[in-house]
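Good morning, and thank you for the time on today's agenda. I would ask everyone to look at the sequence and the model before we go through them together.

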Amino acid sequence: MSTLSDLLVNVTPRSATALVERCRARIDQDLAALAESMRVLHSYRNSLAHIFCLPPEILVTVFRHFESFEDHTSTSHHRGAPICLILTHVCKHWRQLVLDCPTLWTSLSCVSPRWLGIMLERSKDAHLVATYHAPVSLQGCLEPVLSHLSRIKVLKICSVSADVDRIMELLSLQPAPSLKIFEFAVIGNVHHSLMPISDTIFQGQVPLLQSIAFVLCSLSWTWSIFSGLRSLSVRGTTGALPTLAQLMSTLRYMPDLEQLTLQWLSTMTPFGDTKLCDKVPLIQLKSIALDIGTPQTIVSLFDRLVLPAGVKIALHLSQIEGSQSFFDLFSAMDRAFGGPSPFVRSLRAIRISNNGFVVQFCTSMALKSHYHFSWNPADDDIPLSIQFTCNPLAHVQSTIIFELYRIASPQARIHSMFLELLYDPPELFWRTGSADLLDLQIIHLSRNSIRGLIEALSCDDTQVTGLAYPSLRVLELEDTNFGDHEPEDLQHVIKQRAERGTYLHELRLAGCMKNLTAGQVQLLEETGVNVNWDGHKDDPGCSTTNYTAPGRLF
């Protein structure tokens, strides 16, 4: 058999056409053989990589974590392809491993109808995690998924109101023996009454269900099938609001409930005569969040509950008339609790509107969460968070914060106080707080004027009563604009208090740039206070003193 070199002898572009074509074909054939040899050699070489030493079950575990990057993937995600498809394009070994692992094909989220059937087939009998969000096709996506309802473990639906009744029909066609988490949200305007969620859903058979969350759904409030729930969240409703008897009946079927959230139900009226209902024990409850109207409504609810000690509470109240509203509320809470309240060490108050406040009580000296809306009952240190709006006609003053503290924790010894956006609290505000906060060690102010605080902390030879905040050791000012002469006045107050044996140990200044120079900071340091300032080092008046720049300290 002639070799390629034999064919090429004396062959030029001027040679006979047939001979030239035969040589080209032979060259192409040899190039293809060389390419295949190189591919095989590359494959063998790659198979010697250390990653191929990993057992298949380890790789599968890694692949499952890869699914969490679904929202950050590229073109395949936008085409509606499953995230695991990317892994099949890496190498032959990974491709076969992914194709043979049903659990990698169980996440049915943002999948196009073209891929949905493939994923349902490849997932075999594995439990499914299904997410549907309108306006994705109901017939093309959700209906095929719900035909496998018996093996769905997590089901999250976000639908327009026009499709709700059809979805409710589909959810009522068969049991859901594997379902553990169920979320249903209605978006957009609702122009007609919706089919309510009742005991007919899942044909009344959902034995493993542990968590449900409803947003703007129509609810029957007569459930008896959710007896194993650990978490119940209802945020708004398009149907009738529950009566006390209905709500108590529902909760009575949930003795193992650990988290209860009732929000956006602020149009509810007080429940009326609570003596008509027996108390409902929720002895496993760990957190409760309520936004169901006025204090009277929440009082009615607490009067019918038996709660364990240490439950974390978040309340949203409207139409506060004064301290009596809180006194009634905490009296009802005390009757519901089976033991003493958690020991609190910190108080945080934030003004969120002209008549609205958030007040939080914390078990640690420093808050884990910087913002009030990051309240997380599962892992934070805030056992009590109250957001309330005062009745404008009641002319409630900012000092209601301290009245709330006296009512909520009469035995507590607060060591830290964090105040934000109280604007310009006067001297009277600070002196009112000092009467009860004799053990206060840390005051943190964010976006507030400090003139009233300076006046409250000052003292002179004619003063008869004791110093305000005698235990104060740390003052933290964040995003505070100093007024004229306020740095000098603060320095004077620190000296006054030191002469009377009440020393301020640390002054922290973050984001405080207006009317504050490095020279003034140096004068504050000369009082013996450890000043931590994030000011500009290239300030024209800056001395050789080294100032640390901690950024946002708090």
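Let me begin with a question: which residues do ring pairs link into a cluster? The cluster consists of Phe-182, Phe-184, Phe-202, Phe-214, Trp-221, Trp-223 and Phe-226. Rings of Phe, Tyr and Trp (its six-membered ring) are taken to pair if their centres lie within 6.5 Å; planes under 30 degrees apart count as stacked, over 60 as edge-to-face and the rest as tilted.

Before going further, a word on the basis of these values. This is a predicted model, in which local features need pLDDT of at least 70 and side-chain atom pairs count only at pLDDT 80 or more, while totals for chains, interfaces and linings use all residues. Residues are numbered from 1 along each chain as its sequence is written, and side-chain values use heavy atoms, with hydrogens and water left out.

Now the overall picture. The protein chain has 16 helices and 19 strands; helices (H or I, at least four residues) and strands (E, at least two) are DSSP runs, numbered from the N terminus. Of the 554 residues in the protein chain, 46% are buried. Buried means under 20% relative accessible area, exposed over 50%, and partly exposed in between, with a 1.4 Å probe and protein chains only. Among contacts between residues at least 6 apart in sequence, 69% join residues at least 24 apart, where contact means heavy atoms within 4.5 Å.

I return to the aromatic residues. The structure holds twelve aromatic pairs. In one of them, the ring centres of Phe-63 and Trp-94 are 5.0 Å apart and the planes stand at 65°, so this pair is edge-to-face. Phe-63 belongs to helix H3 (residues 56-66) and Trp-94 to helix H5 (residues 92-99), so that the pair links distant parts of the chain, 31 residues apart. Both Phe-63 and Trp-94 are buried.

A further edge-to-face pair is formed by Phe-182 and Phe-202, with 5.3 Å centre to centre and 75° between the planes. This pair also links distant parts of the chain: Phe-182 is in strand E4 (residues 181-187), and Phe-202, 20 residues away, is in the loop between E4 and strand E5 (211-217). Phe-182 counts as buried because its relative accessibility is 1%, and Phe-202 counts as buried at 0%.

The next topic is helix packing. How do helices H6 and H7 pack? Helix H6 (residues 113-122) and helix H7 (residues 138-146) meet at an angle of about 15°, their axes 9 Å apart. That angle makes H6 roughly parallel to H7. Axes here are lines fitted to C-alpha atoms, for helices over the stretch in contact, and angles run from 0 to 180 degrees between N-to-C directions. Angles under 35 degrees count as roughly parallel, over 145 as roughly antiparallel, 65 to 115 as roughly perpendicular and the rest as oblique. From H6, the residues Pro-113, Leu-116 and Leu-120 meet Gly-140, Cys-141, Pro-144 and Val-145 of H7. By class, this contact has six nonpolar residues, one polar and no charged. For these classes, Ala, Val, Leu, Ile, Met, Phe, Trp, Tyr, Cys and Pro count as nonpolar, Asp, Glu, Lys and Arg as charged, and the others, Gly among them, as polar.

Helix H10 (residues 295-302) and helix H11 (residues 323-336) have axes that come within 8 Å and cross at roughly 15°. H10 and H11 are therefore roughly parallel to each other. The H10 side of the contact is made by Pro-295, Ile-298, Val-299 and Phe-302, and the H11 side by Ser-325, Asp-328, Leu-329, Ala-332, Met-333 and Ala-336. Eight of these residues are nonpolar, one is polar and one is charged.

Phe-302 counts as buried, at 0% relative accessibility. Leaving aside neighbours within four places in sequence, its contacts include Leu-290, Leu-307, Ile-313 and Leu-315. The C-alpha atoms of Phe-302 and Arg-335 are separated by 7.9 Å, although the two residues are 33 apart along the chain.

Finally, the backbone. Most residues other than glycine have a negative phi, and most peptide bonds are trans. Ala-134 and Pro-135, however, are joined by a cis peptide bond, with omega about 15°; Pro-135 is found in the loop between strand E2 (128-133) and H7. Lys-124, in the loop between H6 and E2, has a positive phi, near 55°. Gln-203 has a positive phi near 55° and lies in the loop between E4 and E5. At 40% relative accessibility, Gln-203 counts as partly exposed.
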